[in-house]
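Please review the following briefing alongside the sequence and the model. It treats the pairing of two chains before the fold of one of them.

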Amino acid sequence: MSKVDRILDKYSARVYKNRKLHIIEKTEDNHEISANTRTIPGIMTNRGCCYAGCKGVVLGPIKDVAIITHGPIGCGFYSWGTRRNKARGDKHTKNFVEYCFSTDMQEPDIVFGGEKKLKQAIKEVVEIFDPDAIMICATCPVGLIGDDIHAVAAEAEKLYNRKVVAFSCEGYKGVSQSGGHHIANNGLMRHIIGTGDRVPTKYSINILGEYNIGGDAWEVERILKRIGYDIVVNIPGDSSIHEIENAHIAHLNLVQCHRSINYVADMLKDKYGTSWLKVNFIGVSSTVKSLRDIARYFNDPELTARTEEVIAEELAAIHDEMEYYKSKLKGKTAALFVGGSRSHHYQKLLKDFGVETIMAGYEFAHRDDYEGREVLPFIKEDADSKNIESLRIEKDERRYRLYLSEEQYEKLRKEIPLDYYEGMIKDMEKGTIIIDDMNHFETEEIIRILKPDIFFSGIKDKYVIQKAGILSRQLHSYDYSGPYAGFNGAVNFGRDVLMGLTTPAWGLVKAPWKNSPMIEGHLQEVV
Amino acid sequence: MSKKLKSLTVNPCKMCMPMGAVHAFYGIARCMTLLHGSQGCSTYIRRHMATHYNEPVDIASSSMTEEGTVYGGEKNLIKGIHNLCRLYDPDVVGIATTCLSETIGEDIEGIIKKYHAQYPESRVRLIPVSSGGYMGTQFEGYFRTLRSILRHVDMKKEKHDRINIITGMLSPADVRTLKDILSLFPIAYILLPDASDNLDGGYEESYRRLPDNGTTLEEISLMAGSRLTIELSLFCPPEDSPGEYLKEAYGVPLVRLGPPVGLRDTDAFIKLLSEISGAPIPERLKGEQGRYLDAMIDSHKYNAEGRAVVFGDPDFVYSMVRLCCENGLLPVVSATGTSSPRLLELLHDEIGKIAPGLFDEEYAVLDKADFERIEELALEKKANLFIGSSDARRIEEKHGIPLVRCAFPIHDRVGGQRISTLGYSGSLNLLDSLTNTLLKIKEGNYRKALFETYFKDSKVEAPQACGVSATDLHPCFSCTGAHRYARIHLPVAPDCNIQCKYCVRKFDCPNESRPGVTSQVLTPEEALQRFLDAKKRLSNLTVVGIAGPGDALADFDKTRETLRLIREHDPNVIFCISTNGLALPQYADELVALGVSHVTITINAVDVEIASQIYSHVTMMGMRYSGMAGAAMLVSNQLLGLKLLASRGVTCKVNCVVLQGINDHHIETVVEKVKSLGAAITNIMQLIPVKGSAFEHLEMVSAKTINEIRKRCERILPQMYHCKQCRADAVGLLGEDQSLILYGKKEPVQEVPREKKGLRFAVATRSGILVDQHFGKVDEFLIYEYHDGRVAYIERRPIGQYCTGGMDACDSQEDKMTRILKALHDCEGVIALRIGVAPQRRLEEKGIHTYTTYDGIHEAIAKIAREMTGEEAV
């Protein structure tokens, strides 16, 4: 039986048929995987909902905006400080990242509608907190009872003279958080980006899709600023609404998390002509590669020289520690199951330490995240994806400009991932397993069959993994550590993983799968 | 209640109904929960529970999509139940609705029927609960679910002897405590629910994904026939109460009690168990109760300083408030996010009883609260302690008010599953946490608190004009004054609060100008008398100083009284004190008020590490601190004291004793530092090693070096070159000590030598009491005669210093040595504190023996003379 079949062995015929499309073993030719389809009810999925992707992930890290969760209390409470997106306020920038605002809808609001309460809540948030902007995120009942939150937002925007944007991100929309990312992207593009009037400088760039978990964005920004880039905005980690307003002026967009932010990247390209570059600041070698790719885009000898100078200095500074951790971690095996990009990014970092990835999967990625953007034309639209609006973007004739000539652009596209993402699978070794939307049951099967040394995932499966005697590290929250990005982050990561592997407790417990014999057979008496 | 806020909830103090439903189902054996709605509900709740319990938490979802909102979720729900059963094989599946399924009005009971029709072979018990997020909080959701479980299990009505125990959302550890208490009574019971293993599992050989511990369906079915239900919740709404249901439907009598937390509620529960079982209260529980009572008394004095904010579920809030109240810890804010008017009523009864006793009627109780309001009230009521979940961590961080985490959810600490608050043992555990948190505040802040109470609010006044002009009249502060104006040192302060390593306490303090050696300590009244006497004799007496013989501030009552008495008689005389500075911050304002215009502080180091080598310990507020701690305390108080005084216009002189190899390279730093704090002049002095002190063998810094240091420091601050290292009871002009005359210890000096009868000794002394001067420093010797076992004073013989040690170095030493030899020609011996090798040889050549000692003059002479004559001591 193949590894894939062993994992699927216990499923009923119907579930088997479905899940088989989401679980593949990499071979020479087979890359196709089913993704972004409905979760099978009743199996313990790790996926969240549309609201989680919109409010929790994409909008949550914007610090000077008061995000009002319009709905009953639960969703607001559960998304309050759940992700470790760090933010710093200062004299000029308010910081509401630590706050949860909710309309706490009660039964009468469901029966008679919640618009009145929402209006009043907006008034109160203005009076008490005076935020620079307000966003309204809907939870399940809002769409069902027909509250027109967009009309409320438009009215409030006039009334309070600040941006008020509504997001219809009811939990049931789409098939996972991914729908929420798209809705958030649309809102940012439609209402916020392009309303600023900052003037670009020579090396103006945006970072897109860096969430500043555990301070990742700060490490990335540190490196880029050392080289001399002018970061207009990092959307959304530790960002201000006023920075996002100017996102259209950058000469280049760096896309870190392709899944959650590629819509904004594409729309910026269509509307303003700004190219985007797929980068990966997780891992030393991939950070170096990303920095060199950016320098090639700008193609300025001085900038290139400065880039190499910074790379050399940064590498020298972490060299000894990296070598030490590598000497300890080399040869270990890892399984990765994270959201929509990290499972790819962290393979590079693990490789820096000589750790081999034997299984990787995404919670809510689409086929292009697995197979590369070349499959985009072949992805069939289904009822769920149609339910998420795809913005039609017109060229902004006045502000549209191309940084590269057509000739330069075509040449460069062959050299660096410009407006392109190759996906995760191409980077993986033959014989490795790729799983989409993995559930609790499959997690246990992976442990039983593949026996990785380290399992990187999130809090929901952390304790399952640990009870199976395997080290678990959370790649959503970093287990309260971080940053893991960039050069210094790589060292933190190596330290954390080694610390986990060498915990004396592992020596005192026996992994359950070690109790069963590896080979079964019987002794035959020789006469 | 909640300010003007009606529509906006800021930082919620509650969760939603499905959270409670999941908790209830987790206490049922072989039960899985499926939330019917969007999958985010399951994911969010799993995430919150896994973080708190550090256990796998499996909650399935029907993963409804937009299509489901139009056509209903039936297909998804049936599929979900089926898949769940296939993968987990549960006996029970709890189906809790969410906002989505409630809003679209799903008929769960109908769908369940369809499921069974579709899968007739399935034996699973499906239990629905209506738990839309907007229908209440986790508190109601939890009880409603338990009630629904009772309604959907086939009940056996036959009566039996067991009792039902129904609890609220308890931690696994608390459930274990409860079972432990029950096991001490001869009672058969059914506990609903019991998540003690399912949410706090151990590390086992094989991991079972289905939670198979907890209350079984079999046990639940018997609950209808039990003889009594004890429901450990006072605030569960009757319509959601499982106990009420059993009473209504099956006639099971119901007793509702608050959770057994704290003395009174645990007592009540234990008493009830004893009554039901007919068994006496077990000794073990009596012992636990005794220990809890003992702890209540032991920690009452700390608890009385507590001003707590209690927040959470109504039952939790009530339990905590009762525990606080019985321990004299005032709950200044008690808040629940749930709506519960009854809780408010009972809280008023409880807190209202204790508040007047704590002189504080101002407490707040509120329901439907959010953290914005709680924070506001906590600040208003000056709370110093939060009790509840980790959701108040932001307030803790923002305002530094500590939070004792003892309720779900806890996201930033481990051990949520082991929270222990139940029974006497749990209450004791919690009480210790509360008390220790208060103690931590106290221990961490008492120095700051003292400072703020006693010093911080004192006003900094502009320098007084008189302070400046007065300096000219002060011999110790002004070079001109040194030669024209007289001062009197009054020895009223014998105690010292530090131990310098160069000091032998036997002879008091040689610290400030080595003055500590006085003949006699005066009472304040005697000191006044001496001042008045001296004033009659010395018309140029401008200064009254207190320089010990210990530290002027170590026993400040005496110093204060002395200065007060003198001021009554002389409004103009300048007051001056000398101190090591330890107690200065404490008394600076009083000194200023008493009119002290000049203060000398001996600061030998401003670096704590160096200081720690100079002082062996300091004594402050009854505690002795040694090493770095003591040094740090001394140095910081010296510097703070100096700053306080200087800022109030007091002229401050800083004395600094140079210690070879210890602070000799640090002196300029000291001078610079004290200058920055407002010192007017520094007096850099030589150490005279004293026998018996820790620095007995420390090499002396040469006078030359001292002068070099002074020269260097002169660029920073004016230096005092004319210091004569006075004694504590010195009177008169510097260098012309009148004390021996004035105080009648000796006859006035007779210049005519008397006939020699016995052995004569020349004594190097500054005090006139002790041999306390270096031979080279002497400008006059006191001549004594030993005769017939008696020591008699003969006369003083001025010779001019052998080594001037002054600015003009040692020019004509030879002349001076010759003069000395001539002056001492009739002496058999010279007794000094120390003597150089060269003069010793010269003296010995002339047949004059040299002795070094640090002792009383009479005692030293008697001892030496007896040795010389071979007499036995009398």
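**Strand pairing between the chains**

Strand β3 (residues 101-102) of chain A pairs with β1(B) in the antiparallel sense over two bridges; strands are DSSP runs of E of at least two residues, helices are runs of H or I of at least four residues, and both are numbered from the N terminus. Two strands pair if DSSP finds at least two bridges between them. Within β1(B), Val10(B) stands opposite Phe101(A).

This is a predicted model, in which local features need pLDDT of at least 70 and side-chain atom pairs count only at pLDDT 80 or more, while totals for chains, interfaces and linings use all residues. Residues are numbered from 1 along each chain as its sequence is written, and chains are lettered from A and ligands numbered from 1 in the order in which they are written.

**Contact between chains A and B**

- Chain A gives 65 residues to the contact and chain B gives 61 residues, two residues being in contact if their C-beta atoms, placed from the backbone, lie within 7 Å.
- On the side of chain B that touches chain A, the elements giving two or more residues include β1 (9-10), α2 (39-53) and α4 (74-88) of chain B.

**Fold of chain A**

- Chain A has 22 helices and 14 strands.
- The C-alpha trace of chain A spans about 95 × 65 × 45 Å along its principal axes.
- Of the 527 residues of chain A, 56% count as buried, that is, with 20 or more other C-beta atoms, placed from the backbone, within 10 Å of their own.
- Among the contacts in chain A with a separation of 6 or more, 75% are between residues 24 or more positions apart.

Technical notes. A residue is buried if 20 or more other C-beta atoms lie within 10 Å of its own, exposed if 12 or fewer, and partly exposed in between; C-beta atoms are placed from the backbone.
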